[in-house]
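Trainee: I am new to this structure. Please take me through the terms and what they rest on.

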Amino acid sequence: MTTHTETPEAAPIVELIGVTKDYPLGKLTVPALRGIDLAIARGDFIAIAGPSGSGKTTLLNLVGCVDVPTAGAVRIGGQTTGELKETQLTSLRLHKLGFIFQTFNLVGVLNVFQNIELPLLLQGGLSKTERERRVAEMIEKVDLTPQTRQRPNELSGGQRQRVAIARALVTRPAIVMADEPTANLDSGTGGAIIELMKEINRVDHTTFIFSTHDAHVMSHARRLVELVDGRIVSDRAPDRQAQPEGA
Amino acid sequence: MGMYLTIASRNLRQGGRRTVLLMLALALVTGLLVFLLALSRGVNVSMTRAATTLSAGHVNVAGFYKATPEDAAPIIQGVAAIKKIAVENTPNLDYALDRHRGWAKVVSETSSVWCGLHGIDVREEKALFETITLAHQDAYVEGGRHAVIGDAQRLSEPDTILLFASQAKRLGVQVGDQLTLRTETLRGQSNTADVTVVAVAEDLGLMSSWAAFLPKQTILKLYGLKPDTSGAVQLYLKDIDEAPAVMAHLREVFADAGYALMDHDPQPFFMKFETVIGQDWTGQKLDLTIWRDEVSFLTWVLTAIDTVSYLLIAILAILIAIGIMNALYIAVRERTQEVGTLRAIGMGRRQVLGMFVLEALLLGLVATTAGATLSAIGALIIDWIAVPIPWPAAQAIFMNDTIRLVVEPAHLAAAIVAFTFVTGISALWPAMRAARLPPITAIHQTE
Ligand SMILES: Nc1ncnc2c1ncn2[C@@H]1O[C@H](COP(=O)(O)OP(=O)(O)OP(=O)(O)O)[C@@H](O)[C@H]1O
Ligand SMILES: [Mg+2]
C-alpha cells in the first residue's frame, strides 16, 4: 500500500468494519455494539441517534480512540486504531481528534482560557503569542470573552459546553466527536451550540459526529445514523422540518 | 511546564485537610532535621573551640623524647629552633605559641583529681584568655559570692594555677587556696610542687574537667627539665580548614631540616605512649598533628548525635513517604475523571506521571522550605538566648553549658532537597497508577 489510488475526498476519514464491543458486567458480558459497518466522509456532519442504551456513546468512544473495540476494526485516516501503540493513540487524539463530552469534563482548577489553551500546550510548537491569539479567537467564536478568566464552576451549563467545544476545536482537529452536546442545555442554548458546530463544519470542513436524542438537533445533520440495540437500523438524510436550508 | 505548575499549585491550594496535614508533617520532620543538624554542628563548634583552646593548636608540632628504648616523654628539645622553623613555614599563620604538657595528681586538703597540666606563658596566650570566662564564685563554692574572684593574669607569677569550676568544686578549693601537684619524673621518682589557685574558669565541656593551666616554670621545675624544652608548638591558622595541608607541608619542611619524624597517627598524644615505648629508638622524634587528632577520643559524641539523628529522620522519612503515597493514591482515585479527560484530549502517560510527581514536588518544596526556615529561625533564637543546659553530664557531652545551635545554610538546603526528593519518590507509585488510567475513565466515572 505505497500508492494512493484514491483522492483524499473519496477516502472515508473514519471507517468502522464489523465492529463489536462487549462490556463485562460481573460474569456476564453486555454487548453494546454488534457488528457496525460505517464509513464517514471527510467534512461530514453526522448525527447518531437511538434510544438510551443503544450504543451511541460506545460508538463515539471507539471513534474518539478513547476505547478499543472487542472485535472488528476502527480506522481513522486510514490507520487501524487497534494496531497503534499507546503513544500513537495519544498523538492521534491530540492532533486529529476533538472530543466533546456529554458532561463537559473541564479541568476544574483551570479557568476558561487555560482549559482551552490546554490542548495547544500539549501539542507544543506554537509561540506564546500565536497560542494566545488562537485561544482568544476561539473564545470569541464561542462568545465567552467576558468569562475568559472564570473557572468552570462559575459558568452556566451552556457556557461550560461552549468551553468544551472551544477546547475540542482549538487544535483544528480533522474530526470532532460530540456526545449529546445539547442534552444538558435548554433548547435555546442547544440551538446556538448546533449553529456554532455547523458554522465550523462549513468554514473549516471539520468532520462532526455527534449523538443526540433530540429530533430537532437531528434535523441539522447532513446524515443520520440510527442505532437500536447496538445495530445500525437506518442510515439516511434527516427529515428537514424546523431549520430552512440556508447556512 | 507552566500549565502543569498551574494545575499542581491550584490543586494543592484546594487540597483540603489531607494536604494540609501532609504538609504540616513534612514541615515538622524537615524542621526536626534542620534542628538536629544545627545541634550537631553546634557541638562540633563547641568541641573545636574547647579543643583548640585547651589542648591543641590547629596544627601541632610535638614529639617524644626517649632516653632509653623503654621510656617515652612528651617533650621536644630545642623548642626555640623548632618554633622558628614552624612559624616561618606556615602560610596564613595567625599566631603561634608553645605549651608544656604534663599529667599530675592535684591534691587539696580534702580531695584529689588527676589532671592534664598545660604549662603556658601568659604573654603568648591572649586567645586563651579571650575564650575562657572566669566563673562566679558561687559556681564552685557552696554559698559563694555571685562575683568573679581571681585574675588569670596572675599565672605570670611562679607556682600558680588556673582550674575549671568542676575541678575546684571537686577539690573543695577557691581562689587563694594551696594545692599540691604530684607527679613522676622521667626517671620514675616522685616530685611535688605547691601552687596557689589564682583563677577559676567556667567549664568548657568534657575536656575542661581534666585540664589546668600553670606557668611554664612550674612544669620545668616539677619535671626537672632544661629551659629550651616544651611539649608542643601550637600553630593557629587564619583558616582552620587549612590545617591538614599545613601539617603535610610542615612534615616535609622538618624532614628536610634534618628532624626525625613519627608517622602521622590521628590520636591525642597521651594515647601514643604505649606505641612509642614499644619502639626501639632513642633520642627525639617530632610528631605533627592537627587539632582533630588531639580530640579524636571525643568524636564519638558527634557520631552518636549524628547516628541518632539520622536514624530518627530515616524512620520519620519512611512514615512521611507512606503518608504521601497514601494521600496521593486517594487523590488519584478522586481525580480519575480528570485524568481520563486529560488522556482523552491527548495528554500522554508520561505527562500524567509528571503532573502528579510535580504536584508532590511542589507540595514537598513548599512544606520543607517552610519547615526548614521556621526551624532555622527557632534554632537561631534558642542559640541567641543561650538556654542553659542544667545537667553536668549533658554539659560535658554537648561541650558547653548552654545549648549551642549552629545553622549552616548548606544544611538547610540539604534538608529541603532531601525531603522534597523523598516526596517526589513517594509520589512515583500513585503517579504511575494515574498514568495507567485509560482515557475511558473520563466517561465511566460520570455514570
Ligand atoms: N462501562 C460499562 N460497563 C458495562 N456496560 C456498559 C458500560 N458502558 C455502557 N454499557 C452498556 O452498553 C450499552 C450501550 O451503552 P451506551 O452508553 O453506548 O448507550 P447510549 O446509546 O450512549 O445510551 P444513552 O443514550 O443513555 O447515553 C448499554 O446497555 C450500557 O448499559
Ligand atoms: Mg450515551
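Mentor: Start with the salt bridge: a side-chain nitrogen of Lys or Arg within 4 Å of a carboxyl oxygen of Asp or Glu. The model is predicted; local features need pLDDT of at least 70, side-chain atom pairs count only at pLDDT 80 or more, and totals for chains, interfaces and linings use all residues. Residues are numbered from 1 along each chain as its sequence is written, chains are lettered from A and ligands numbered from 1 in the order in which they are written, and side-chain values use heavy atoms, with hydrogens and water left out.

Trainee: Why is the contact of B:Arg343 and A:Glu86 called a salt bridge?

Mentor: The N to O distance between these side chains is 2.4 Å. The limit is 4 Å, so the pair qualifies. The rule finds 30 salt bridges over all chains. This pair runs from helix H11 (residues 336-344) of chain B to helix H2 of chain A, where helices (H or I, at least four residues) and strands (E, at least two) are DSSP runs, numbered from the N terminus. Across the interface of the two chains, B and A, there are two salt bridges.

Trainee: How do you know how much area chain B and chain A bury between them?

Mentor: Buried area is the accessible area (1.4 Å probe) that two parts lose on being put together, summed over both. For chain B and chain A that comes to about 2100 Å², with 66% of it on carbon and sulfur atoms. On the chain B side, B:Met3, B:Arg10 and B:Ile345 lose the most area to chain A, together 28% of what that side buries. Counted by contact (heavy atoms within 4.5 Å), 25 residues of chain B meet 25 residues of chain A.

Trainee: Which residues lie nearest the centre of the largest cavity?

Mentor: Of its 13 lining residues, these are A:Arg93, A:Leu97, A:Gly98, A:Phe99 and B:Ile345. S6(A) gives the most to this lining, with three residues.

Trainee: And what is the volume of the largest pocket?

Mentor: About 700 Å³. Among its 33 lining residues, B:Pro74, B:Gly102, B:Trp103, B:Tyr223 and B:Phe273 are the closest to its centre.

Trainee: How do you know where the predictor is confident in chain A?

Mentor: By pLDDT, the predictor's confidence in each residue, from 0 to 100. Chain A has a mean of 88, and 93% of its residues reach 70 or more. Over residues 1-8 of chain A, however, the pLDDT is below 50. Where pLDDT is low, the predicted coordinates should not be read in detail.

Notes. On a 1 Å grid over the protein atoms alone, a cavity is a set of points where a 1.4 Å probe fits but cannot get out, and a pocket is an open set with protein on both sides within 12 Å along at least five of seven lines; lining residues have an atom within 4 Å of a point. Grid points are joined across faces, edges and corners, and a volume is the space filled by probe spheres set on the points.
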